[in-house]
There are 2 protein chains.
Amino acid sequence: MDYLKVSSKSSPASVAGAIAGLVKDGKPVNIQCVGAGAVNQAIKAVAIARGFLIPAGLDISCSPAFSDISIGGESRTAIRLAIYVHRIQPPSPPSLSDEIAC
Amino acid sequence: MDYLKVSSKSSPASVAGAIAGLVKDGKPVNIQCVGAGAVNQAIKAVAIARGFLIPAGLDISCSPAFSDISIGGESRTAIRLAIYVHRIQPPSPPSLSDEIAC
């Protein structure tokens, strides 16, 4: 499985763009991060990606799991986030009658 | 709305127990955390809580959002995690035929 690898130095906005692009293309999204700083950037990226997707009628959530990985021969515990996609009602544009009522 | 407030010093296992209890009781769960260490503990808690809930046929995911809050008169950006509950098929117990096959 392919993972978007997020580090503490990753830009949340860039990662958010990658998440939103994959979700819009209907592709599965999985994120891998090691360390508190990386988890924080990944979660900020998911929050930003929600803002990109909600106007298109899509929302996302993430399901975290621990995973033992090896980095440079050293064993580390990574957090993997599986992204779930939820179809939502897009916000409806204001109708003429709404404008008259105002 | 009530929030489970998680800090960098919170025990992920304790927070996981609180999340699992609320989910089993059918109550809404929302988590608030400020700072990378707190977000990391909260995400670890969600991962642990999944392990408590999956045998009961429930899975969870979390949807992060930014929120401006005031702590001691100072403005801070918190991450709020809304917990979504997903009903899943609980793992079926091994049947007699499985045991014979082994």
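Q: What share of the 102 residues of chain A counts as buried?
A: In this predicted model, 39% of the 102 residues of chain A count as buried.

Q: And how many helices and strands are there in chain A?
A: Chain A has three helices and four strands. Their order along the sequence is β-α-β-α-β-β-α.

Q: Among contacts in chain A between residues at least 6 apart in sequence, what percentage join residues at least 24 apart?
A: The figure is 66%, counted among contacts in chain A between residues at least 6 apart in sequence.

Q: Let us pick one residue. Where is A:Ala49?
A: A:Ala49 lies in helix H2 of chain A, which covers residues 36–53.

Q: Is A:Ala49 buried or exposed?
A: A:Ala49 counts as buried, because its relative accessibility is 0%, and the cut-off for buried is under 20%.

Q: Which residues does A:Ala49 touch, not counting residues up to four places away in sequence?
A: With those left out, A:Ala49 touches A:Ala16, A:Ile19 and A:Ile60.

Q: How far apart in space are A:Ala49 and A:Ala13?
A: They are 7.9 Å apart, C-alpha to C-alpha, while 36 residues separate A:Ala49 from A:Ala13 in sequence.

Q: Changing topic: how many residues of chain B are in contact with chain A?
A: On the chain B side there are 23 residues, in contact with 23 residues of chain A.

Q: What area is buried between the two chains?
A: About 1,700 Å² is buried between chain B and chain A, and carbon and sulfur atoms give 71% of it. On the chain B side, B:Ile43, B:Pro64 and B:Phe66 lose the most area to chain A, together 28% of what that side buries.

Q: Which elements of chain B each supply at least two residues of the side that touches chain A?
A: They are helix H2 (36–53), strand E3 (58–71) and strand E4 (74–87) of chain B. Helix H2 of chain B gives the largest share of that side, with ten residues.

Q: How do the residues of that side divide into nonpolar, polar and charged?
A: The side of chain B that touches chain A has 14 nonpolar, six polar and three charged residues.

Q: Which residue forms a salt bridge with A:Asp59?
A: The partner of A:Asp59 is A:Arg50, with the closest N and O atoms 2.8 Å apart. A:Asp59 is buried at a relative accessible area of 7%, and A:Arg50 also counts as buried, at 15% relative accessibility.

Q: What does B:Arg50 pair with?
A: B:Arg50 forms a salt bridge with B:Asp59, and the closest N and O atoms are 2.8 Å apart. B:Asp59 is buried, with a relative accessible area of 6%.

Q: Where is B:Arg50 found, and is it buried or exposed?
A: B:Arg50 sits in helix H2 of chain B. B:Arg50 is buried, since its relative accessible area is 14%.

Q: Leaving aside neighbours within four places in sequence, what is B:Arg50 in contact with?
A: B:Arg50 is in contact with A:Ser63, A:Pro64, A:Ala65 and A:Tyr84, as well as with B:Asp59 and B:Ile60.

Q: Which strand holds B:Asn30?
A: B:Asn30 is in strand E2 of chain B, residues 30–33. B:Asn30 is buried, with a relative accessible area of 14%. Neighbours within four places aside, B:Asn30 is in contact with residues including B:Met1, B:Tyr3 and B:Leu81.

Notes
Residues are numbered from 1 along each chain as its sequence is written. Chains are lettered from A and ligands numbered from 1 in the order in which they are written. This is a predicted model: local features need pLDDT of at least 70, side-chain atom pairs count only at pLDDT 80 or more; totals for chains, interfaces and linings use all residues. Side-chain values use heavy atoms; hydrogens and water are left out. Contact means heavy atoms within 4.5 Å. Buried area is the accessible area (1.4 Å probe) that two parts lose on being put together, summed over both. Ala, Val, Leu, Ile, Met, Phe, Trp, Tyr, Cys and Pro count as nonpolar, Asp, Glu, Lys and Arg as charged, and the others, Gly among them, as polar. Buried means under 20% relative accessible area, exposed over 50%, partly exposed in between (1.4 Å probe, protein chains only). A salt bridge is a side-chain nitrogen of Lys or Arg within 4 Å of a carboxyl oxygen of Asp or Glu.
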